[in-house]
Amino acid sequence: MAHLTQNPADKERFVCLYPVYINSKKTLAEGRRIPSEKGVENPSCTEIRDVLTAAGLNVYVENKMHPREWNRDVQFRGRVRVQLKQADGELCNEKFGSRKEVMFYVAEMIPKLKTRTQKSSGADSSSQPGDGGKKSKKKKK
């Protein structure tokens, strides 16, 4: 018996998203599922939930751990379940046909969250001159 239910609207049929899937700090072996340049630095379950709720998806958070997550800290805990299909099999939102599309969307939107923009506003301005310096060094060689 593969599933207890075939109904895509049932909670156990929602797709699972762990923060590690979109974490740019993780390797593929550690569980990342999208390219690191598209990932987010240490995303949290609450950030994923906030982004997907704002997108109008049916979302809930479970207190679970990714099996490859060695850090048992509270900030790394959690799994987000997302409803992609309604009971009749239709997509809940045309933008999200697969879990990969949801991951890319979340990774794109988390840096735009107010909590992220306030924290990283100082870091962004300091990192830009550093990047420019690195580029000019490459040219000299």
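User: Is D50 buried, partly exposed or exposed?

Analyst: Start with relative accessible area: under 20% is buried, over 50% is exposed, and partly exposed lies in between (1.4 Å probe, protein chains only). D50 has 36%, so D50 is partly exposed. A word on the ground rules: this is a predicted model, where local features need pLDDT of at least 70, side-chain atom pairs count only at pLDDT 80 or more, and totals for chains, interfaces and linings use all residues. Residues are numbered from 1 along each chain as its sequence is written, and side-chain values use heavy atoms, leaving out hydrogens and water.

User: Which residue forms a salt bridge with D50?

Analyst: Look for a side-chain nitrogen of Lys or Arg within 4 Å of a carboxyl oxygen of Asp or Glu. For D50 the partner is R49, with the closest N and O atoms 3.2 Å apart. R49 is partly exposed at 33%.

User: How many salt bridges does the whole structure hold?

Analyst: A search finds six. One of them joins E41 and K25, whose closest N and O atoms are 3.8 Å apart. E41 sits in the loop between β1 (15–17) and α1 (45–54), and K25 in the loop between β1 and α1, so the pair ties together parts 16 residues apart in sequence. Here E41 is partly exposed, with a relative accessible area of 47%. K25 counts as exposed at 52%.

User: Which side chain meets E108 in a salt bridge?

Analyst: K112 does, at 3.8 Å from N to O. Check the accessibility of both ends. E108 is partly exposed, at 48%. K112 counts as exposed, at 53%. Bridges can also share partners: E62, R79 and R81 are joined this way into one network.

User: Which residues of helix α2 are buried?

Analyst: In α2 (residues 99–109), they are V102, M103, Y105, V106 and A107. Next, ask what they touch. They pack against β1 and α1, where contact means heavy atoms within 4.5 Å. Over the protein, buried residues are 35% of the 141. Then consider sequence range: among contacts between residues at least 6 apart, 59% join residues at least 24 apart.

User: Where does T115 lie?

Analyst: T115 is in helix α3 (residues 114–140). Its relative accessible area is 44%, so T115 is partly exposed. Across the chain, T115 and E47 are 68 residues apart, yet their C-alpha atoms are separated by 8.8 Å.

User: What is the phi of N42?

Analyst: The background is that most residues other than glycine have a negative phi. N42 has a phi near 40°, a positive value in a residue other than glycine. N42 is in the loop between β1 and α1. At 35%, N42 counts as partly exposed.

User: Which residues lie nearest the centre of the largest pocket?

Analyst: On a 1 Å grid over the protein atoms alone, a pocket is an open set of points with protein on both sides within 12 Å along at least five of seven lines, whereas a cavity is a set where a 1.4 Å probe fits but cannot get out; lining residues have an atom within 4 Å of a point. V40, E41, N42, P43 and R116 lie nearest the centre, within a lining of 12 residues. By class, that lining has four nonpolar, six polar and two charged residues. Nonpolar means Ala, Val, Leu, Ile, Met, Phe, Trp, Tyr, Cys and Pro; charged means Asp, Glu, Lys and Arg; the others, Gly among them, are polar. The pocket volume is about 290 Å³, counted as the space filled by probe spheres set on grid points, which are joined across faces, edges and corners.

User: Which residues line the largest cavity?

Analyst: The lining is Y18, P19, V20, N23, K26, N42, P43, H66, E69 and F76. These divide into five nonpolar, three polar and two charged. The space inside is about 80 Å³. The structure holds one cavity of 30 Å³ or more.

Definitions and conventions:
Helix = DSSP H or I, 4+ residues; strand = E, 2+ residues; numbered from the N terminus.
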